[in-house]
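Dear colleague,

I am handing over the structure we spoke about, and below it you will find a short account of what was found. Please keep the structure open beside the text as you read.

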Number of protein chains: 4
Amino acid sequence: MMNRVPEPIDVGVLGATGTVGSLLVRLLDGHPWFRLREVGASPASAGLALGERTPADSMGPLSAEASRLVLKALDDEWSSPLLLSALPSSAARHTEALLAERGHLVVSNASAYRQDPVVPLIIPEVNPDHLRLLEAQADRWPGGIVTNPNCVTAGLATALAPLHRAFGLETVVATSMQAISGAGRPGPAAGELTDNVIPFIANEEDKIAEESQKILGHRNPDRIVHGDFVVSAHANRVPVLHGHLVAVSASFRNVAGPEDVEAAFTSFEPPEEARGLPTAPERPIELIPGDARPQPRLDRDRGQGMVVTVGRVRECPALHVRFMVLAHNLIRGAAGAALLNAELCHAAGVTTRVPAR
Amino acid sequence: MMNRVPEPIDVGVLGATGTVGSLLVRLLDGHPWFRLREVGASPASAGLALGERTPADSMGPLSAEASRLVLKALDDEWSSPLLLSALPSSAARHTEALLAERGHLVVSNASAYRQDPVVPLIIPEVNPDHLRLLEAQADRWPGGIVTNPNCVTAGLATALAPLHRAFGLETVVATSMQAISGAGRPGPAAGELTDNVIPFIANEEDKIAEESQKILGHRNPDRIVHGDFVVSAHANRVPVLHGHLVAVSASFRNVAGPEDVEAAFTSFEPPEEARGLPTAPERPIELIPGDARPQPRLDRDRGQGMVVTVGRVRECPALHVRFMVLAHNLIRGAAGAALLNAELCHAAGVTTRVPAR
Amino acid sequence: MMNRVPEPIDVGVLGATGTVGSLLVRLLDGHPWFRLREVGASPASAGLALGERTPADSMGPLSAEASRLVLKALDDEWSSPLLLSALPSSAARHTEALLAERGHLVVSNASAYRQDPVVPLIIPEVNPDHLRLLEAQADRWPGGIVTNPNCVTAGLATALAPLHRAFGLETVVATSMQAISGAGRPGPAAGELTDNVIPFIANEEDKIAEESQKILGHRNPDRIVHGDFVVSAHANRVPVLHGHLVAVSASFRNVAGPEDVEAAFTSFEPPEEARGLPTAPERPIELIPGDARPQPRLDRDRGQGMVVTVGRVRECPALHVRFMVLAHNLIRGAAGAALLNAELCHAAGVTTRVPAR
Amino acid sequence: MMNRVPEPIDVGVLGATGTVGSLLVRLLDGHPWFRLREVGASPASAGLALGERTPADSMGPLSAEASRLVLKALDDEWSSPLLLSALPSSAARHTEALLAERGHLVVSNASAYRQDPVVPLIIPEVNPDHLRLLEAQADRWPGGIVTNPNCVTAGLATALAPLHRAFGLETVVATSMQAISGAGRPGPAAGELTDNVIPFIANEEDKIAEESQKILGHRNPDRIVHGDFVVSAHANRVPVLHGHLVAVSASFRNVAGPEDVEAAFTSFEPPEEARGLPTAPERPIELIPGDARPQPRLDRDRGQGMVVTVGRVRECPALHVRFMVLAHNLIRGAAGAALLNAELCHAAGVTTRVPAR
């Protein structure tokens with residue numbers, strides 16, 4: 001299915017001035033398959049150079065070429081067949097459909113279409129076959145829309161995947177301690193979050209449950225049968241810059257203990273389609289030894305932020321097993337997730353099908 | 001059983017220079033029932049004035065009288081019938097038994113004797129009748145030992161008490177986000193906990209489970225039958241100064257929904273024995289309205305730190321109900337808990353039984 | 001000049017929903033001289049109850065009476081002779097003049113009129129005689145405007161006052177490390193200030209210099225001759241919730257060493273007019289012993305946040321003496337400062353002169 | 001004087017398990033001139049593998065080769081001619097002299113010998129000619145000792161160097177806001193530094209003054225005449241992980257304004273000897289535009305942590321000019337500084353003179 005070295009193509013980034021968008025721009029710098037040619041943002045920024053509208057942050061400066069790209073309005077004409085979307089959901093609903101209608105393949109980090117029955121919600125190492133849903137989109141749009149999960153689900157569903165496959169998930173209780181950067185800009189005020197935890201993130205708990213069920217569901221054949229397990233999520237914001245940490249209790253249809261779970265983590269191999277993608281880490285899941293790991297600051301950057309780390313696997317008195325999961329929310333949970341999906345699409349030849357002018 | 005205005009008595013504080021001990025000293029300043037007469041610490045401090053050995057912290061200065069108290073060694077002779085212990089567990093095992101042997105009533109925050117079958121583990125608003133276990137100690141010590149739970153259990157078991165009574169607890173999954181001050185001095189280094197969460201606290205998860213089961217167990221008649229429910233705890237350290245926040249999922253023998261649980265919280269009345277104790281808050285549990293509450297910095301100081309706040313009560317897809325619990329770890333979870341237990345004992349006349357010279 | 005127990009009067013608070021305004025509302029609860037009768041905010045809030053528009057914060061809840069006050073628009077008719085203003089400067093310029101024109105005495109925390117030659121800029125313990133400038137306002141407004149300094153100057157100028165009096169200030173280099181709450185709401189984002197310092201606060205450095213010179217200037221007789229010394233300020237924002245800490249190097253016309261400076265601090269007595277005001281601390285300046293003090297979290301709350309703490313007085317190789325100054329930016333530096341000025345005015349009989357209602 | 005591509009040599013690291021030492025080990029991984037062959041630590045660690053004794057931190061894991069190196073005791077026999085020392089000062093005084101006596105060139109980050117008249121205190125871009133002091137050591141030790149400045153001086157003296165050269169420094173007032181990692185392990189407790197600033201760092205203020213004067217002094221010919229200017233330092237610890245930020249006011253013998261100072265910064269060229277060293281950044285000083293820069297989190301990593309960033313250059317009402325200086329305390333201020341000095345020595349042929357082995 002996959003050509004290892006596909007032809008490079010032009011790409012654009014929608015929402016290029018936000019936290020996720022400007023990280024996408026950086027990740028595209030020097031990308032072997034994609035040439036960043038177009039960037040777009042809200043009308044207020046259109047016509048300005050990207051460099052002028054990218055706030056200083058600790059990701060470091062943009063490349064000179066990227067800095068000079070002139071921001072388009074979202075509903076301008078775009079020439080790139082592949083558009084990566086880091087739009088807020090409100091803007092995404094209209095814009096992404098419009099651009100799919102015009103024939104672009106939109107690979108999106110936004111939540112707007114994640115639960116649409118014909119839109120694939122993909123983690124390449126977990127459910128790359130869901131990409132076939134695109135065929136069901138043919139009636140709707142000449143182009144298409146492919147999505148990645150929200151920032152917690154990205155790590156959680158990756159960690160749950162080998163367990164679901166091996167033991168059959170039944171019940172998951174997942175309490176997240178989510179980083180500041182997951183809230184976008186400006187995000188929570190320092191006056192709110194210093195010496196504090198905020199035990200609420202709007203809509204997050206439902207997303208974590210429903211997206212996990214869709215990703216770990218099976219294709220049959222042109223729709224997704226959601227996974228038949230329950231997820232109870234508790235979402236909290238903690239004073240951490242990057243890295244969403246999740247405390248998980250899980251039970252399975254086939255009883256499994258800590259050793260079984262550890263073995264499932266360490267033996268996990270991504271499917272053929274996900275291997276060799278430029279942004280894919282060597283191993284998507286790493287089990288960190290030690291009593292007190294993973295920790296956001298120590299472990300979030302593994303594999304350039306694309307590795308999902310797990311640890312503290314131990315028995316659960318209530319369900320079967322307890323463990324911790326950590327993923328870099330901006331990379332594995334957002335910009336890197338979208339880019340990896342774009343790579344999956346390009347390797348699968350989906351991007352060339354697109355009739356964009 | 002209770003004399004509302006008992007005779008004031010002399011008390012001592014063991015471990016008076018640590019975080020919990022020096023808070024006890026402050027809470028005893030102007031106490032209507034207790035006169036602080038003696039303070040003790042490790043041999044290195046013995047003979048020095050308490051004021052010289054109390055580190056500056058944000059609790060404010062000691063009273064002049066307390067500052068001038070001379071620190072005794074732990075195995076010195078003590079004259080006060082009632083001794084409040086804020087010792088580390090290692091020191092507590094030997095010292096508390098020694099002093100109970102010498103006829104003192106030791107009301108302890110240490111974990112050493114919490115699971116001893118003849119030692120009551122008490123939250124006055126929850127299980128004051130467990131104090132009757134003291135009778136079973138008569139064979140062992142002329143004095144006695146009474147304990148309070150660890151800093152997470154103090155809040156959690158208080159919140160669970162009305163639910164257990166009303167619906168019968170079956171399963172609890174509790175993920176804590178614990179404050180720095182719970183780790184004592186020096187506690188975690190700033191270099192470890194800044195921009196980070198540490199997903200491990202030694203021995204904490206077992207304590208949370210076992211202490212909850214003992215506190216919510218029933219007396220029959222001179223031993224405690226532990227509560228027949230399971231608790232799965234996930235303990236995490238977060239960058240918060242004070243206030244342990246816990247995300248809870250719970251199921252019950254008699255199915256209960258969010259409204260039932262809210263009603264149980266708001267109608268909770270402490271038993272007769274706990275009412276009117278000087279350190280008891282008007283209501284031990286307060287349900288905070290709003291999507292994102294309780295929060296450590298906003299809610300930990302309610303009722304001078306003695307109120308357990310709960311909030312975000314909502315359905316749980318996995319068990320029955322999800323909610324948040326918060327308690328000030330140093331006050332409701334340690335120094336205030338011990339003091340309240342001492343008040344319970346004194347009101348019950350237990351302190352006068354003690355033969356101390 | 002001062003009646004110790006003046007008649008209580010009605011007061012209003014302008015800008016009652018912001019950080020400083022809602023603190024003012026709390027400080028007025030149970031005030032012996034002032035009855036809070038009116039509150040005002042921007043048009044968007046007018047007509048709503050104050051309780052509905054006051055965000056939850058760690059200051060604790062409003063009183064029930066204050067919660068029920070209905071917010072007026074700023075240019076509504078006000079009946080209280082004395083209005084305390086916590087307006088942002090932009091709104092203050094127009095509104096405060098309008099209300100002074102209508103006969104109210106406006107005691108303001110805003111910067112709009114601080115440098116107006118006929119408007120007194122007062123710290124009651126430092127320059128209460130500047131209140132006489134009000135006489136020069138008679139031509140302009142039937143009411144009047146009295147201001148307090150910005151949040152850094154409030155502490156710095158108080159600490160410098162005894163030194164200027166004793167030795168004659170020549171040069172001051174003052175580097176501030178300012179708390180988050182000084183930036184109002186929402187203030188800096190957690191994503192900007194976590195693990196960071198922001199070395200810039202708009203307009204702050206000039207205010208610190210010019211306000212110090214006006215406050216420490218002398219009245220001659222109906223204008224202020226600014227202090228003849230230079231202040232070089234470096235303003236920085238640090239991850240601290242409350243309490244502005246300032247590192248000071250100073251030189252004097254009459255050479256002075258660390259002992260002289262310490263003696264000036266400890267012997268400082270506020271003038272007669274400032275003594276006995278309800279919000280005045282017993283001693284406005286406290287010298288904290290120890291190598292590493294004052295510290296924001298340990299010392300900002302002294303005297304209910306109205307004490308300016310100083311410490312680390314030592315020789316300066318460049319100027320004469322180095323030391324640290326700390327003040328609670330929201331209390332001594334804002335709400336408490338305005339309230340203390342209102343008390344000074346009321347004790348001086350200025351409020352009764354006002355023809356309002 | 002310099003061979004651009006000198007022969008690679010073996011090196012050892014003293015104090016390899018501490019914060020600075022373990023960073024040195026990482027920086028030596030793949031170094032073009034130096035092969036890490038030996039590591040040493042306190043007796044408690046001797047005989048263990050380095051990997052077992054290196055705490056997890058956010059620098060990432062050691063290389064497999066480095067992990068396997070067996071720790072020597074400090075007074076063991078060492079075979080490498082060049083030893084990089086990250087010892088605490090207490091251990092450094094004895095050990096460094098012992099090893100210099102045995103013929104090693106010890107390039108040290110410790111403060112023990114920085115003010116010794118025959119020991120060069122070097123920043124390669126500033127005073128590489130001070131290396132000639134080594135000749136004066138010949139009488140004392142067959143080997144030698146070369147030191148780098150403390151973590152604040154490393155950045156400050158680099159920034160001051162072009163100003164001293166161009167205008168002649170007269171007076172410097174420097175207020176530091178220093179990062180947590182500068183305090184080593186364990187460093188300040190989270191309970192002390194959360195929501196706080198600690199205005200004291202033992203011995204730091206004198207070091208900043210005296211080391212700046214030595215580094216910016218001139219060689220004449222075999223001793224250093226210290227710079228004839230005064231430095232008044234105020235040292236503060238702030239809740240920042242890495243990066244020491246300094247607010248500077250400075251005056252000069254030849255009056256200079258902000259434009260002059262900016263021009264001196266931007267035109268600064270390191271001397272011939274420092275160019276092309278593997279660890280040297282292209283430009284040692286970068287002027288960051290913008291009102292609010294440099295900031296620790298945004299700018300500390302420039303040039304792999306070896307660039308000293310400056311910004312906010314503006315007039316000073318008290319002295320001549322005000323500006324900010326930032327340097328990564330662990331890299332430019334410690335491990336990178338020592339490594340750069342080692343490279344300077346090796347390029348100058350000093351290491352081959354050493355008779356070791």
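**The nonpolar core**

The largest nonpolar core has 43 residues, and among these V13(A), V25(A), F34(A), V39(A) and L84(A) touch the most other members. Please bear in mind throughout that this is a predicted model. At least two residues of this core come from each of β1 (9-14), α1 (19-28), β2 (34-41), β4 (82-85), β5 (105-108) and α12 (331-347) of chain A, and α12(A) gives the most, with 10 residues. As a general point, nonpolar side chains in soluble globular proteins tend to be buried together.

**A buried residue in a helix**

F167(A) belongs to helix α6 (residues 151-167) of chain A, and F167(A) counts as buried because its relative accessible area is 11%, where buried means under 20%. Along the chain, F167(A) and P88(A) are 79 residues apart, and their C-alpha atoms are separated by 36 Å.

**Salt bridges**

Over all chains, the structure holds 88 salt bridges. One of them joins the side chains of R302(A) and E286(A), at 3.0 Å from N to O. R302(A) lies in helix α11 (residues 302-305) of chain A, while E286(A) lies in strand β12 (residues 285-287) of chain A, so this pair ties together parts that are 16 residues apart in sequence. R302(A) is partly exposed, at 26% relative accessibility, and E286(A) is also partly exposed, with a relative accessible area of 26%.

In chain D, the side chains of D57(D) and R185(D) meet in a salt bridge (3.0 Å, N to O). Because D57(D) is in the loop between α2 (50-53) and α3 (64-68) of chain D and R185(D) is in the loop between β7 (169-178) and α7 (190-193) of chain D, the pair ties together parts that are 128 residues apart in sequence. D57(D) is buried, with a relative accessible area of 16%, whereas R185(D) is partly exposed, at 38%.

A further salt bridge links the side chains of E135(D) and R132(D), again with 3.0 Å from N to O; E135(D) is exposed, with a relative accessible area of 52%, and R132(D) is partly exposed, at 45%. There is also a network of salt bridges that links E205(A), R312(B), R314(B) and R322(B).

**A negative surface patch**

Finally, E259(A), D260(A), E262(A) and E315(A) form a negative surface patch, to which helix α9 (residues 258-266) of chain A gives the most, with three residues. D260(A) is found in helix α9 of chain A and is partly exposed, at 35% relative accessibility.

With best wishes

Note on methods
Residues are numbered from 1 along each chain as its sequence is written. Chains are lettered from A and ligands numbered from 1 in the order in which they are written. This is a predicted model: local features need pLDDT of at least 70, side-chain atom pairs count only at pLDDT 80 or more; totals for chains, interfaces and linings use all residues. Side-chain values use heavy atoms; hydrogens and water are left out. Patches are made of residues with over 30% relative accessible area and no salt bridge: like charges are joined within 9 Å, nonpolar side chains (Val, Leu, Ile, Met, Phe, Trp, Tyr) within 5 Å. Accessible areas come from the Shrake-Rupley method with a 1.4 Å probe; for residues, only the protein chains shown count as cover. A salt bridge is a side-chain nitrogen of Lys or Arg within 4 Å of a carboxyl oxygen of Asp or Glu. Lys and Arg count as positive and Asp and Glu as negative; His and the chain ends are not counted. The place of a charge is taken as NZ of Lys, CZ of Arg, CG of Asp or CD of Glu. Helices (H or I, at least four residues) and strands (E, at least two) are DSSP runs, numbered from the N terminus. Buried means under 20% relative accessible area, exposed over 50%, partly exposed in between (1.4 Å probe, protein chains only). A nonpolar core is a set of buried Ala, Val, Leu, Ile, Met, Phe, Trp, Tyr and Cys residues joined through side-chain atoms within 4.5 Å.
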